[in-house]
Amino acid sequence: MPASPSTARAINDRLALRLLQQEGPLTAGQLKQLTGLSRPTVSDLVERLTVSGLIRVVGESGEQRRGPNARLYGIAADRAHLAALDVRTGGVLVLVSDLVGRVLAEVAVPIDAGSGTGPAVEQAVAAVEEAARKAGPDAWAGLHTVGIGAPGLVDPATGDLRDSSGLPAWHRSLVAALQWRLPKARVTVENETNLAAVAEQREGAARDRDTFVLLWLGHGVGAAVVLDGRLRRGASGGTGEIGFLPVPGTGSLPSATDCDGGFHALAGAAAIGALAREHGLPAEGPPDGPGAARLVARAVTAGDGPAARFLDTLADRIAIGTAAVTAILDPGCVVLGGEVGQAGGEALAARVGARLNRMSPLPAEVRPGTLGGTAVLRGALLTARDRAQDELFAP
């Protein structure tokens, strides 16, 4: 059945807006060429989108640089502002961008574990407001969408963070607090590893894959599963909680409230620090994701001797969890994400890949992540941008 005129106009408008998002400013002639639409149809959609305030003339193109045909049209980036948050146990990272995702301001605020829920939430909200004020005078009031990445399970029915042992209580209160302070904004939360997978697929190591698993290696371990282009969350939002995976070599079993006997005990930051000391490599700083990443990066640089043996043993451990995931999902590609995955680079990924292919009959390419610890924030921003544009670009 042919589309009605109004439906056809809406489809054409969305197509033009997506092209302007992907390609940047374009002339009407370029839009005609890229969309395959007729000149009158393109002229009508340009007028509609201009009147609606979604696009505007942002310059001129061509040798003459004059006249209607030379006008460059671009998305009105200041039509809305977006905020992205990477919520961690010890603080929050915030960035604010315009509608096309151009970062305007960033703020990082440490939050003491002993602050209490109320003061901690207020610090986090204040960090968002500070970033918005830095972005421009109207950004705070004009925040359209806020995307939050946080550790823990997100209930697929309610979209709320579930109560998780070991995680600060203020994490669960932050969404409601931001929604109260920003009643017109859309505030959503997603598991941090899932957002990292979104970022690696859109901007990082998995840009050519529609099926892959991201193995997060940082302070803790986790996994995100993308199958046929779709992020899979599971019935309770727990797909990828690989830290609880029972594996050999830990000396105990995990429990419903403690992953110390699971894969986390082999490949988490504290385990990496202990492994480094066993190989005579000095571990400096706290046993967190960045600290473990520095250890791995120094071992990669050293290249031989104790450093090489440390990397070999670490790869053996990572391959155990990777083999379990591969045996169930057969993803064909595993990305080693997080700070440790990025720090290990090709040296660690090649070791894990070699061991995995000896353990599993299912072929899988192992790649190092390219975004490291920034992937969560990038994923939160990409998700917020998509949601804002879906609403603003709707008919």
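Val87 stands opposite Val92 in β4. These positions belong to β3 (residues 81–88) and β4 (residues 91–98), which pair in the antiparallel sense over eight bridges; two strands count as paired if DSSP finds at least two bridges between them. Helices (H or I, at least four residues) and strands (E, at least two) are DSSP runs, numbered from the N terminus. The model is predicted, so local features need pLDDT of at least 70 and side-chain atom pairs count only at pLDDT 80 or more, whereas totals for chains, interfaces and linings use all residues. Residues are numbered from 1 along each chain as its sequence is written, and side-chain values use heavy atoms, with hydrogens and water left out.

**The sheet containing β3 and β4**

- β3 and β4 form a hairpin with two residues between them, and His81 stands opposite Asp98 in β4.
- β3 also runs parallel to β6, to which six bridges join it; Asp86 has Gly149 of β6 as its bridge partner.
- Seven of the eight residues of β3 are buried, so this strand is largely enclosed by the rest of the structure. Buried means under 20% relative accessible area, exposed means over 50%, and partly exposed lies in between (1.4 Å probe, protein chains only).
- The open sheet has five strands in the order β5-β4-β3-β6-β7, with mixed pairing. β5 (103–110) and β7 (186–191) stand at its edges with a single partner strand each, so one side of each is left without a neighbour in the sheet.
- The twist of this sheet averages 15 degrees from one strand to the next. Axes are lines fitted to C-alpha atoms, for helices over the stretch in contact, and angles run from 0 to 180 degrees between N-to-C directions.

**Helices on this sheet**

- Helix α4 (residues 117–135) lies across β3, β4, β5 and β6 (143–150), and runs at about 155 degrees to β5. Contact means heavy atoms within 4.5 Å.
- Helix α12 (residues 375–392) packs on the sheet as well, touching β3, β4, β5, β6 and β7, and its direction makes about 145 degrees with that of β3.

- β11 and β12 run parallel and are joined by four bridges; Val335 stands opposite Arg367 in β12.

**Nonpolar cores**

- The largest nonpolar core has 38 residues, of which Leu215, Phe310, Ile318 and Leu336 touch the most other members. Such a core is a set of buried Ala, Val, Leu, Ile, Met, Phe, Trp, Tyr and Cys residues joined through side-chain atoms within 4.5 Å.
- Two or more residues of this core come from each of β8 (212–217), β9 (221–227), α7 (264–267), α8 (269–278), α9 (289–302), α10 (306–329), β11 (333–337) and α11 (338–359). The largest share, nine residues, comes from α10.
- Apart from this core lies another, of 36 residues, among them Val107, Ala120, Leu178 and Val189.

**Packing of α8 and α10**

- The axes of α8 and α10 come within 10 Å and cross at roughly 145 degrees.
- Ala271, Ile272, Leu275 and Ala276 in α8 meet Phe310, Thr313, Leu314 and Arg317 in α10.
- Beyond its neighbours within four places in sequence, Phe310 is in contact with several residues, including His279, Leu281, Leu295, Val296 and Ala299.
- The buried residues of α8 include Ala269 and Gly273, and its buried residues pack against α7, α9, α10 and α11.

**Positive phi values**

- Most residues other than glycine have a negative phi.
- Asp228 has a positive phi, near 55 degrees, and lies in the loop between β9 and β10 (230–232). At 60% relative accessibility, Asp228 counts as exposed.
- Asp330 also has a positive phi, near 50 degrees, and lies in the loop between α10 and β11. Asp330 is partly exposed, with a relative accessible area of 41%.
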